[in-house]
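This note is for a colleague who is opening the structure for the first time. Please keep the model in view while reading the points.

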Amino acid sequence: MKAVKKWLRLGSLVVAVIALTFFALRIYDAHNKPDLGPWHTFVPRELSADELDAASWQDYLLAEQALFAALPGNVYQRLDDAERVPDNRYFADSPLNASRFEWDWNRSYVLEPDGKPRGAAVMLHGLTDSPYSLRHIAGVYRDAGFVVVGLRLPGHGTTPGALTRVTWQDWLAATRLAVREAQRLIEPGDELQLVGYSAGGGLALKYALDALGNQELPQPTRLTLISPMIGVAGYARFAGLAGLPAVFPAFAKAAWLDVLPEYNPFKYNSFALNAARQSYLFTAALQEQIAVLAGRNALSELAPVLTFQSLVDYTVSTPAVVDALYAQLPANGSELVLFDLNRFVDFGPLLGAHAKSPLELLPAGPRRYRTTLIGNVSPQTLDAAARSTEAGASEEQVTPIGLAFPREVFSLSHVALPFPVSDSLYGLQPDEPEDYGVHLGALSVRGERGVLLVSMEALQRVTSNPFYPYMIERLREHGGLRGE
């Protein structure tokens, strides 16, 4: 008995030492981060999940208006002289301040088609993002005769500090609210489609799963997921522990994984640990729900799912899309479109081990869903082709798509897929009339260090999709938008 107590005391001591060491390292890391600005410390008051479930769309817009009205007094006017610079989106006179634009894409919106809508589409953006990310796809739906409800998820579009308190249940309740509004704007029996990007993709899927067998939730007829958040990196599980020192005001910076300059008018660069924690909790709940419903053969009524995903994705897990979602789907007309690496590039020994080939990622055929790989026709050319395998088949069909990899791009990225190369903010070749103060996607990253005010690493990530026209064509086919 004494020996057992001795080992228990020793074990407790080891755990305590590890915890104190971890705590100390977090404090040290937080101490070395840049100082927090008013946009980190101000937390706008969002509607809770319960309030969202009881609210109308107009209620949400009024509450959203109050959020943005609070920014000047709580953020813009509290900046010190060093923060009143053009590259700070929270400086009122900055060309990056979205309140100066003709249309602020940080806010929720409704786009109405000419004439009576023939259906409705709900647009759900990603974590740290804003409704801007799906504006091009929203326009495709509107032009096809759909009314479009573009939702600003709680905690987004205002200040990064808003993500220190939001929960994934708030995001899901807001999704239900947006779907209720979309259903209200159309006739019974009309198409109801959900389009989700990143975290929004996970939310679109979660909503559709919740609606199975639930008469109170309108069931979507089709789902389109773009770089969906089905799984995230394992470290997110411990984000809550990493933020514990932030309970003491002196260590407030411990609540942040990244504290970065805010030069993007429609996306946060700083990243709160709570956002990582909520991502992990959400994807854990989502994967469990998929597995449970699949085990009960309860996915037969799920709408067909079309997913666009880069083979390599630093933000979400591509294997989770394949294994946790598509491996569980019934034969319901779903399709997975993967964007391969640019195999024209001679990677030599520099290609990371995590960059799996499509054959390693996908299970052997036949599969219950259609698969399409967008990649080089051959390693000797930049021209691209679609390699498609129908559901239930093993034979691959190769079709040139009339598009090519840019020579300087070795892969797509998580953030690139929903943006055409012409996008004013993110495009490689911006040519739109809108001016959002900067062309992030077109900045060259070859030059001397220390010249640019922002991280070279951040600018090296490709932010637009050279295969966007192909993606839109496939979306039109899946969504029944062709010929409209």
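1. Basis. This is a predicted model, in which local features need pLDDT of at least 70, side-chain atom pairs count only at pLDDT 80 or more, and totals for chains, interfaces and linings use all residues. Residues are numbered from 1 along each chain as its sequence is written, and side-chain values use heavy atoms, with hydrogens and water left out.

2. Whole chain. The protein chain has 14 helices and 12 strands; helices (H or I, at least four residues) and strands (E, at least two) are DSSP runs, numbered from the N terminus. Of its 484 residues, 53% are buried, where buried means under 20% relative accessible area, exposed over 50%, and partly exposed in between (1.4 Å probe, protein chains only). The chain exposes about 22,200 Å², and carbon and sulfur atoms supply 55% of that area; accessible areas come from the Shrake-Rupley method with a 1.4 Å probe, and for residues only the protein chains shown count as cover. Among contacts (heavy atoms within 4.5 Å) between residues at least 6 apart in sequence, 73% join residues at least 24 apart.

3. The sheet. Ten strands form an open sheet with mixed pairing, in the order E1-E3-E2-E4-E5-E8-E9-E10-E11-E12; two strands pair if DSSP finds at least two bridges between them. Its edge strands, E1 and E12 (397-404), each pair on one side only. Neighbouring strands are turned against each other by 15 degrees on average, direction ignored. Axes here are lines fitted to C-alpha atoms, for helices over the stretch in contact, and angles run from 0 to 180 degrees between N-to-C directions. Helix H8 packs on this sheet, where H8 touches E2, E4 and E5, and the direction of H8 makes about 145 degrees with that of E4.

4. Strand E3. How many residues of E3 are buried? Six of the six are, so E3 is largely enclosed by the rest of the structure. In a regular strand the side chains alternate between the two faces of the sheet. On one side of E3 are Phe146, Val148 and Gly150, and on the other Val147, Val149 and Leu151, all buried. E1 pairs with E3 in the antiparallel sense over three bridges, and Leu111 has Val148 of E3 as its bridge partner.

5. Strand E2. E2 (residues 119-124) is joined to E3 (residues 146-151) by six bridges, and the two run parallel. Val122 has Val149 of E3 as its bridge partner, while Ala121 stands opposite Val148. E2 is also mostly covered, with six of its six residues buried. Gly119, Ala121 and Met123 point one way, and Ala120, Val122 and Leu124 the other way.

6. E5 and E8. Elsewhere in the sheet, E5 and E8 (residues 305-310) pair in the parallel sense over four bridges. Here the bridge partner of Ile226 is Phe308 in E8.

7. Helix H6. Seven of the nine residues of H6 (residues 135-143) are buried, among them Arg135, His136 and Ile137. The cover over these buried residues includes E1 (109-111), E2, E3, E4 (191-197), E5 (222-226) and helix H14 (468-479).

8. Helix H7. The axes of H7 (residues 168-184) and H8 (residues 199-211) come within 10 Å and cross at roughly 70 degrees. H7 and H8 are therefore roughly perpendicular to each other; angles under 35 degrees count as roughly parallel, over 145 as roughly antiparallel, 65 to 115 as roughly perpendicular and the rest as oblique. The contact involves Trp168, Trp171, Leu172, Thr175, Arg176 and Val179 of H7 with Leu203, Lys206, Tyr207 and Asp210 of H8. These residues divide into six nonpolar, one polar and three charged; Ala, Val, Leu, Ile, Met, Phe, Trp, Tyr, Cys and Pro count as nonpolar, Asp, Glu, Lys and Arg as charged, and the others, Gly among them, as polar.

9. H7 with H10. H7 also packs with H10 (residues 273-295) at an angle of about 65 degrees, with the axes 9 Å apart. Trp168, Gln169 and Trp171 of H7 meet Gln278, Leu281, Phe282 and Ala285 of H10. That contact has five nonpolar, two polar and no charged residues.

10. Thr381. Thr381 lies in the loop between E10 (370-376) and E11 (383-389). Is Thr381 buried or exposed? Thr381 is buried, with a relative accessible area of 19%. Beyond its neighbours within four places in sequence, Thr381 is in contact with Phe344 and Asn376.
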